[in-house]
Structure formats: C-alpha cells, structure tokens
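Please consider the structure shown below.

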Protein chains: 4
Amino acid sequence: MTVRCTVWGENVHEHENEVVASIYPNGMHGAIAAALNCDPAITATTVTLQQPEHGCSEGRLDETDVLVWWGHAAHEAVADHVVDRIMRRIWSGMGLLVLHSGHFSKLFTRLMGTPCALKWREAGERERVWVVNRTHPIARDLPESFVLDMEEMYGEPFSVPEPLETVLISWFQGGEVFRSGLTYQRGAGKILYFRPGHETYPTYHDANVQQVLRNAVHWAAVCQRWNSICDAPNIPAELAPEPIIERGPKIHKKGEPGLR
Amino acid sequence: MTVRCTVWGENVHEHENEVVASIYPNGMHGAIAAALNCDPAITATTVTLQQPEHGCSEGRLDETDVLVWWGHAAHEAVADHVVDRIMRRIWSGMGLLVLHSGHFSKLFTRLMGTPCALKWREAGERERVWVVNRTHPIARDLPESFVLDMEEMYGEPFSVPEPLETVLISWFQGGEVFRSGLTYQRGAGKILYFRPGHETYPTYHDANVQQVLRNAVHWAAVCQRWNSICDAPNIPAELAPEPIIERGPKIHKKGEPGLR
Amino acid sequence: MTVRCTVWGENVHEHENEVVASIYPNGMHGAIAAALNCDPAITATTVTLQQPEHGCSEGRLDETDVLVWWGHAAHEAVADHVVDRIMRRIWSGMGLLVLHSGHFSKLFTRLMGTPCALKWREAGERERVWVVNRTHPIARDLPESFVLDMEEMYGEPFSVPEPLETVLISWFQGGEVFRSGLTYQRGAGKILYFRPGHETYPTYHDANVQQVLRNAVHWAAVCQRWNSICDAPNIPAELAPEPIIERGPKIHKKGEPGLR
Amino acid sequence: MTVRCTVWGENVHEHENEVVASIYPNGMHGAIAAALNCDPAITATTVTLQQPEHGCSEGRLDETDVLVWWGHAAHEAVADHVVDRIMRRIWSGMGLLVLHSGHFSKLFTRLMGTPCALKWREAGERERVWVVNRTHPIARDLPESFVLDMEEMYGEPFSVPEPLETVLISWFQGGEVFRSGLTYQRGAGKILYFRPGHETYPTYHDANVQQVLRNAVHWAAVCQRWNSICDAPNIPAELAPEPIIERGPKIHKKGEPGLR
C-alpha cells in the first residue's frame, strides 16, 4: 500500500507574482506533489487554502498519512478550527512536513509552542545544506552536502524547541547558518521542519530537495493510529491493575468525568 | 537578589469544597507561596484567577522570574489574551512550574503542542516518587524516593512531547507509573511539569514536595532576557556578515517587513 | 529481503543452573532466535561466547543487520578487540538490542559512556511494563501494558545518558520503577535497551516480550551504511567548497594525516 | 566558595612548534587558566600530561569541580587507568569542558561511545560562531555571533551522539558548518564540547572565547555529588519499599553480590 500524501498549498503568490507563476505553473503544491509521485510508493494529491475547509475536511485528513504544508502570505487566513482539526489528526498519527515559510504558520507555531522566529534575507544567495545525521532515513541517497544556487537566507537563532534530531544544517554565502532539517514528535505524529523553498526560486525543482521530500514522507508515515490520544480515562479503584482499597476525600463523584 | 516568584492559584475548589478549604485555609497558592518563602533567596507572592487579568498584567509578569501554575476546575475561564501574554513572557525568559492538574491548562497544552492527556483515579492511594536524575538541581537534598501516602493516580501514557530530561518517575499502589518531573524549554523559558498536588490531600504540606518546589524555582530562574525573541529581523544584503551581491527575483520590496 | 539478525548468547547459566537449562533447553539465544524467526521478514541465527571470536568475526558482523545481546555472568570474558569490532560495526550502521543484564556488558557501557548501574532484587515479583510512546515502532501491536508474573526487579536510578526516547517504563510489585525501553543512536547504529529477561524465569517465552523483540529488530535495521564514519578527512584549501586563500602558521605539513 | 577548576594541558606543541610557543608562552593551559581566573568566582590551576598521573591523581580530581581538557598530539600517551579515574569522577559529579582537538581524546570518545570524527582544514580561514540558544548559561553576555579571524575548519558530520542541547553552530569561510557548542550529561557530570582552539592561532586570547569558557565553568559545576553511582545495590525482599513475598528460582544465593 502506498503512503497517502496530501500537499497543502497556500496558492497565493502563484497568482500574484509573475515570477512565481512562471516557475510553478501548476502551483508550488503541484510541483511538490509531482516530485513525490515520482516514487511509486507514494500517492500525493493537492489541496489549497481557497477550497472549503482549506481542503482539510475530516474525511480528507482521515485518508491522509502525511501532510505537507507550504504557506507564507496568508497564515492568518487559515481558520482556527481547521488548524485544531489538523493538530488532532497529527496527534492521532499523521506525519507532517512543514516547509520553509511555514515556520510562521498557525499549525507549526502551535505544535511547537514557541515563536519560531528567525533572521531572513531575500538576496538570491548560495545555500549549502550539510547532512549532519548521514544515515537518517530523511538523508537517504543524499550527498554529503548539496548546493542551492539561489535561496532566501534564514539565520539562527531559530526559536523552536530543542529538536529530537538535527538532520540538516545550512551554510549561507552571507555568513549565517541555520538548522534546516529538524525532527519532532507531537502525540503520535512525526514532524519534519525542512527549510528550503522560497517561492521566487526553483527550489522544488532541485533533485536533492525532491529526494529529501520523498524520504521524509516515508519517514513520517506513522504505522499505527492512536485515536484515543485526547481521552483522559478514569480508571476506578475496582479496575485498577493492582487491588487497592479506595479511601480519602474526593472532588469527583463516582463515574463523573474528569475536569478539563 | 532573590528570585521573584508569582504563584498563580485557580482558587475555586478552596471555596467550593470543605475538605480543600480545611487543608488549605489560605488557598493552595497560599500554601505553595509559604513553602517557597521558607527559602530566603525566594520572594513568592500570589495571584488568582478572580483578579483583573487573572493577576497576570504585563507589569506583574515583567517583575516575575518564575511563575507557578495550579489550576483544575476552570481552565476555560482563563482568557486567551492572558495566556498569550504569559507565553510571550516565558519565551523572553520567565521560568514556569506547572503543577498536577495544570497539565490540561491552556498555558501548558499550548506550550507543549500536544493533548497532555493521561489516566487518572481519585482513590487516596500511595504514590512513591523516584528520583531518576539524582544530581539534577530539581532533586537537590531529596532522598532516593519519597512517599505521598494519599494521592490521585495519574497514569501513562502522558501525551506530552519527549522531554529534555526525565527527573522523577512515580509508582502507584494501583499498578500505574507516571513521569512526574519533566523538563522543557520554550524560547528562553525553562519549564518543569511536576505531578503531585491533588487538592483533597495535603500534598503541598509535604516536606519533600516543598523541597522540589524550592529547588525548581531556582532551577527555572533564567538569568538573561531575550526580549526580541518574537522578532524576525530582515538582514539586508548590505548588512550581511559576509559581502554578497544581491540578485534574483523578489517577493519583498526593499525595507518591507516579512510576512507573518 | 529479510532483516539478518544475529542473537548473541553468553550461554553460561544454561549449563550451570538446572532451572535455566530446563526453561531454555536450546539456550536463551535459541529461544530468542526462534521467537524472531516467527516473523518471516526476519532471519535470526545464533552465536555464543564460547565460539572463536565469540562468534563475532568481521565476516559475521558484516552480514548482520541487527545484533541482539544477552550476557550476565561473563561480561569480562568478552575480548576487548571483539568489543571494539562490534562497536565499529554499530557505528557504521548495525542495529543493537541490549537485553536485561546486558546493561553491564562491555559493549553497552562503552556505547553509553556511563556506569549503567541500577538496583536489583531476585524475588520473583510481578512486573508491569507500560507503553509510554504508544505508536513507536517498538510498541507495535502491544497492549497498553503487559504483565510478567515473575521477574527480577531493576530499580532506578539507572545511570545511563538521557535517552533519545523513553518507550517503556516498568512498575514493580515491591515498589520500584524502571525505564525499561530506551532508545539511543551511536554513529549510524540504532540501539534499544530492553529490560526484561532474567534467566531463571520464562520471560522470553512471553508473547508480548517476543513482540517487542520482533518490533525492535525491524526498528533497529539501518538502511544505509556509513563505512567511513571513523575517518577524519582533510579537505585542503584547494578542495574547499568555497574558494579560500590559505594563510597562517601550521602544525601539519601538506598532505599529512591528522593527529589522533 | 569559588568553582575549583583544573585545566589539563597536553603541553606538547608548545615545546615543539615555535609559533605555538610564541602565542602561548605559558602554555595553552596557562592562557586558559588565566582567562578563567579573571572571574573571581573561579579558581583555576593547571596540570599537564608530563606530570605523574598526568596531574590527575585521586586527590586532585577530588578537589576539582570542573576539568578543562585540551589535547591533540598525544591522546594515546594518556594512560588508560587515568582516563578511567577521570570518568568515574565525572560520573560522580565533576563538570568537563572538552576543547577543540580534544574531540579525539580517549576521555571524550569513551564518554560519547562514538568515533567523534569530523572533517578538517588548517588554512587560517574565518570562523563565525552563532549562538543558537541565546539565553543558555554558556552564552551569557555573548553577542549574537562572534568572529575568529583565523581558525582551523572542522566540518560536519561530527560523529557524536545527538546532544542534550545545541548551543553554538559555526560557519566557515570555506563553506562548511559545525556544531561548536554541544552539551551532554554522563552520570552526574555535565559536559560541554567547545570547538575553537587550534594551537597555531591566538584563539584563547579572544575575549568571546574566554567568555564562553568562564560561562561554561559555572554551568558545568555540579552542586551535588553522587559517589555511589557505580554501585548496583541489592534490595532484598525484606527491604523492598512495598511488602512482597519472595518466590521463584534464583541465580544468586542470599546476600551474594550481583554479577558484573
């Protein structure tokens, strides 16, 4: 069975900026999905901000193993209830790749619990991405480092939590560095933040970037679901794994649900 | 200079439940602050949910080095804008201790980005708290383990992110285990989740629990501030650390702020 | 292609203790390998301490994807040069499962860099293993917790480094707790420490324990090799990714290898 | 009370290379100790490879809160039993700063359990050290980044375990990056690997480097000792925290020590 991947595209600059439109005539999401579909073990489709529910209905998410998220100009336009729904689906076991300017998305900042801020410069400079964790599944078949001839600079400090793993670090021509591939887990969901992908450059046509995306989709696909992860079950004394005798004063009446 | 500590109390069950009122005549927050003030290097004061801004004005937070948070019955009553303000203050370098049922507070779940759910049982059973990281500052002067004769059970899985450090793990009479002392960092802020503290038992009068609280306040006090942590500064080509020549197409006009 | 698994057995108590011999007539390693071979995607074979090179020749290791290690009575009898060889193979991408009393093996303590000490009691008490990370590949198809009716107690503090992930925590009848499933990475090698398995009890005949072992073998199988991981290559100025002009005083003559 | 710091110097190149001798007339260890002693809360003294026990007797270590280690040419000359002694002292609560070429020392590689290899180039190029964790105690009073005009390049992949925290990352003129400030804990001991410090350049005279060293000494000073960390105490059934009835077959006779 293939990994079912939904590529979410903000789909704004493709229509407002001629350069972006010319690089990505099918949208950035279209280019990303096409790159993923080169792998016969991945089935990638696209949704966009402009669709009802931003394309992220319960049904759609339920059939998604890994979500890929690219946004930049319209983070605030994403409805809170859709973000909440996506977060619940991640917690129960959907993978997530957050790309480039998605660092400021509602989705990513709420999963991280931090500002996710950084330095930036749009000057078409050279980026060199180094693989720090050589045999991580995300780095499969990559060279030691790869070059993106023109990219936007993102510079440290990147105000995210200490990651589970640092897989990639970028060098920039202008003198900055950035942790470009960071892994996290939130609930059952595996998350990769992957830095490259400014819309005015052809980054998602780069073979190494595409390889990272395909690798990461396989890595992020969670095999088991944890649908009850938001529950806080009461285990009454008579069902305790070891026999105990109930005693002491209480807040809760028998059988009452817990407070939230 | 002493560590300035603000103890936030939900202050609901103290007024609604006679048992809680009799154990904590000055409120749970009052008992916690008193325990902290036994250490001459800590200056602890209290605020409650019922005060304007829940006692968490900008000015108050600005003069707080470490915030202690106990809530249970009224998580939803805490205003979103106050939670946002506290989060920003944590990011810029305020420590945070989240106690017991605070695991479901808006503040903690938003900092974690996960459900923070768990199993529970209110049966007055025995809890044995084991110190896993013996020389961690939070464990200073603690015995190898300590017993709380009556406590509410919290059981794994506790759906929080993988912590920076696991300091304490609890054994429960009824057969469950729980990671009772977990550390995190969010922005500049150091965070401890500390499990014990059900309101119908005299937990905050326990000498070992009080020792953990005092230790943790010192541990969580951040020495430096990072007030600009939410900024995303543009570093134009002419200010790049290394000389570069600007090129390529752009989204942003010169001097324009970044998109959020 | 199946995962090639080598099960290393110390094979001492099976010959010295009648109880152990009766529980494990084919050796503990034999029982473990049989459990692994129930999975058609695993090919497990056994080697023992008593063989030349303890069964761990270069050739054998080269054809091993995951090594499973059980030892107790004869840690010191394992030759240092064999330990060094196994460590190099792990670094280049062999998975490792260290079982129970293997915590004090040369192999494990050298990979951890810590004492790996713990409390213990051989009293045939009940152990309850809780799954903390429900959807981790190691926990696949496990219940929320499982019971081993008779096991040796291991108690915290377990002096190992802070793990990458805490997957399992044990509750013991006598009042102790223990982190029973901990993951690490050393070089390219993925490592699981898995607690249960005292030789006088039938632990490796338990269905849940066998499930963990099979899960862990698949999880630990590293897909890529990193054979050059011990190299420290010089990158002379003329081969630097970016053009630089060599300057300044030197310790090394041109082309000289680095110091070790 | 001041932090008692012992600076260990290999003290070889200072006598074999005129450049090194001229930059560090009192030895590199002398320069480092002088920089530390600028802080009245630190008392730093020096020892060298050439002294009996390499200056690391039991008594000396017992009176050391933080050890600083610089070595390059003579890692193999350090006696194994001294390395073992230092490791035990770290485990029981001595801090450790490993500097630059100390990455290949017996001490560091044994604490890490990995090759600790990296790329290198001695070309006097520019290094720019970025602070990733702005308010970490190690970064106190540092600017956002600082420049070392001439340094040896160290390049990723650096084959160390995933750190507890990544505090500093370096940018090199020649195109490489390196994680230059990494924290670990081994037993009770807090460890910092800090990259800069090639002997033919005046790195330890740099004000920012000196600031890192002073900060790190304070950060690494462990307040509590854990002298029993290597013990594996038996807790017999009659001393179990909870009452249990001993049963089942045994390997150990009553009161027998555990196997190692």
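**From surface to backbone**

Chain A exposes about 8400 Å², of which carbon and sulfur atoms supply 52%; accessible areas come from the Shrake-Rupley method with a 1.4 Å probe, and for residues only the protein chains shown count as cover. This is a predicted model, in which local features need pLDDT of at least 70 and side-chain atom pairs count only at pLDDT 80 or more, while totals for chains, interfaces and linings use all residues. Residues are numbered from 1 along each chain as its sequence is written, chains are lettered from A and ligands numbered from 1 in the order in which they are written, and side-chain values use heavy atoms, with hydrogens and water left out.

The C-alpha trace of chain A spans about 70 × 40 × 35 Å along its principal axes. Chain A holds seven helices and nine strands; helices (H or I, at least four residues) and strands (E, at least two) are DSSP runs, numbered from the N terminus. Of the 260 residues in chain A, 69% are buried, where buried means under 20% relative accessible area, exposed over 50%, and partly exposed in between (1.4 Å probe, protein chains only). Among the contacts in chain A with a separation of 6 or more, 71% join residues 24 or more positions apart; a contact means heavy atoms within 4.5 Å. Chain A carries 24 positive and 32 negative charges, and their mean positions are 7 Å apart. Lys and Arg count as positive and Asp and Glu as negative, whereas His and the chain ends are not counted; the place of a charge is taken as NZ of Lys, CZ of Arg, CG of Asp or CD of Glu.

The aromatic side chains come next. A pair of aromatic rings is described by the distance of the centres and the angle of the planes. Rings of Phe, Tyr and Trp (its six-membered ring) pair if their centres lie within 6.5 Å; planes under 30 degrees apart count as stacked, over 60 as edge-to-face and the rest as tilted. A search of the whole structure finds 26 aromatic pairs over all chains. The pair of B:Tyr154 and B:Phe178 is edge-to-face, because the ring centres are 5.7 Å apart and the planes stand at 70°. This pair links distant parts of the chain, with B:Tyr154 in strand β6 (residues 145-155) and B:Phe178 in strand β8 (residues 177-186) of chain B, 24 residues apart. Both B:Tyr154 and B:Phe178 are buried.

In chain C, the rings of C:Phe158 and C:Tyr193 have centres 5.1 Å apart and planes at 55°, so the pair is tilted. C:Phe158 lies in the loop between β6 (145-155) and β7 (165-172) of chain C and C:Tyr193 in strand β9 (residues 189-194), so the pair ties together parts that are 35 residues apart in sequence. C:Phe158 is buried, with a relative accessible area of 1%, and C:Tyr193 is buried at 0%. In chain A, ring pairs link A:Phe108, A:Tyr154, A:Phe158, A:Phe178 and A:Tyr193 into a cluster.

The charged end of A:Arg128 sits over the ring of A:Trp171, 5.8 Å from its centre.

Helix α3 (residues 27-37) of chain C is mostly covered, with nine of its eleven residues buried. The buried residues of α3(C) pack against several elements of chain C, including β1 (3-9), β2 (42-48) and α7 (207-220). In chain A, A:Gln210 is found in helix α7 (residues 207-220) and, at 16% relative accessibility, counts as buried. A:Gln210 and A:Ala35 are 175 residues apart in sequence, yet 5.9 Å apart in space, C-alpha to C-alpha.

The backbone has its own points of interest. Most residues other than glycine have a negative phi, and most peptide bonds are trans. The peptide bond from C:Glu156 to C:Pro157 is cis, with omega near 0°, and C:Pro157 lies in the loop between β6 and β7 of chain C. Phi of D:Asp141 is near 65°, a positive value in a residue other than glycine. D:Asp141 is placed in the loop between β5 (119-131) and β6 of chain D and is exposed, with a relative accessible area of 58%.

Note on methods. A charge sits over a ring if NZ of Lys or CZ of Arg is within 6 Å of the ring centre and within 35 degrees of the ring normal.
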